Amino acid sequence: DAGITQSPRHKVTETGTPVTLRCHQTENHRYMYWYRQDPGHGLRLIHYSYGVKDTDKGEVSDGYSVSRSKTEDFLLTLESATSSQTSVYFCAIKGVGASYEQYFGPGTRLTVT
Amino acid sequence: GENVEQHPSTLSVQEGDSAVIKCTYSDSASNYFPWYKQELGKRPQLIIDIRSNVGEKKDQRIAVTLNKTAKHFSLHITETQPEDSAVYFCAASNNNNDMRFGAGTRLTVKP
């Protein structure tokens, strides 16, 4: 499982509330990613990080922010959750060295009511 | 940006038959093409990948082929087994940080 955990694994929240999802890795990987998965869309990149305090936007970044204050943790924040952000969120890390492979965490199912 | 299309969206085969899933991509600069398998309620798992300097790669019962000229790549599963039933995703990347995924193919292998 590449030493990746996500918390919480399930969350139900109300529209307009802030939500933070956490991705934790134990193997000192430099690159970390947040994706969302929705039926009919596959996985779409939200934000990624290439080091502590170094982040960049992905394909669907509107409404999301991220932070990485230490190598092992990558946080995804929904400042004011909307129903369109109901989804399964996956964190991923990139393999070491020149590897291109990405390995996914177990996912967080978020429901915004 | 890159656009990846995947077909078919569903595929049903008899155990022992072969299954083929096809993807096309739009960005000629894409150079990395992984395939993921996702079982119900689980995380996507990398099963095979190919880079643009290789035309074909095989790992036991699965193989991937790449046609750079036509901008398409395919996943081939031979001698399918019920445990191959899952959703399969293709993806394409040109810089290792912006990976675009297809919409997925639900494969059902009937015993």
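**Ground rules.** I call a residue buried under 20% relative accessible area, exposed over 50% and partly exposed in between, with a 1.4 Å probe and protein chains only. This is a predicted model, where local features need pLDDT of at least 70 and side-chain atom pairs pLDDT 80 or more, while totals for chains, interfaces and linings use all residues. Residues are numbered from 1 along each chain as its sequence is written, chains are lettered from A and ligands numbered from 1 in the order in which they are written, and side-chain values use heavy atoms, leaving out hydrogens and water.

**Entry 1, rings.** I searched the whole structure and found 16 aromatic pairs over all chains. For a pair, the ring centres of Phe, Tyr or Trp (its six-membered ring) lie within 6.5 Å; planes under 30 degrees apart are stacked, over 60 edge-to-face, and the rest tilted. I then picked Tyr35(A) and Phe104(A), a tilted pair at 5.5 Å centre to centre with 50° between the planes. The two sit 69 residues apart, Tyr35(A) in strand E4 (residues 32–38) and Phe104(A) in strand E10 (residues 102–104) of chain A. Strands here are DSSP runs of at least two residues (E), helices runs of at least four (H or I), both numbered from the N terminus.

Is Phe104(A) buried or exposed? Phe104(A) counts as buried because its relative accessible area is 2%. Tyr35(A) is buried too, at 0%.

Tyr36(B) is buried, as is Phe104(A). Ring pairs join both into a cluster with Tyr33(A), Tyr35(A), Tyr48(A), Tyr50(A), Phe90(A) and Phe101(B).

I also noted a charge over a ring: Arg51(B) lies over the face of Tyr100(A), 4.2 Å from the ring centre. The test asks for NZ of Lys or CZ of Arg within 6 Å of the centre and within 35 degrees of the ring normal.

I counted eleven strands and zero helices in chain A. Of its 113 residues, 52% count as buried. The C-alpha atoms fill a box of roughly 40 × 30 × 25 Å along the principal axes. Among contacts (heavy atoms within 4.5 Å), I looked at those between residues at least 6 apart in sequence, and 54% join residues at least 24 apart.
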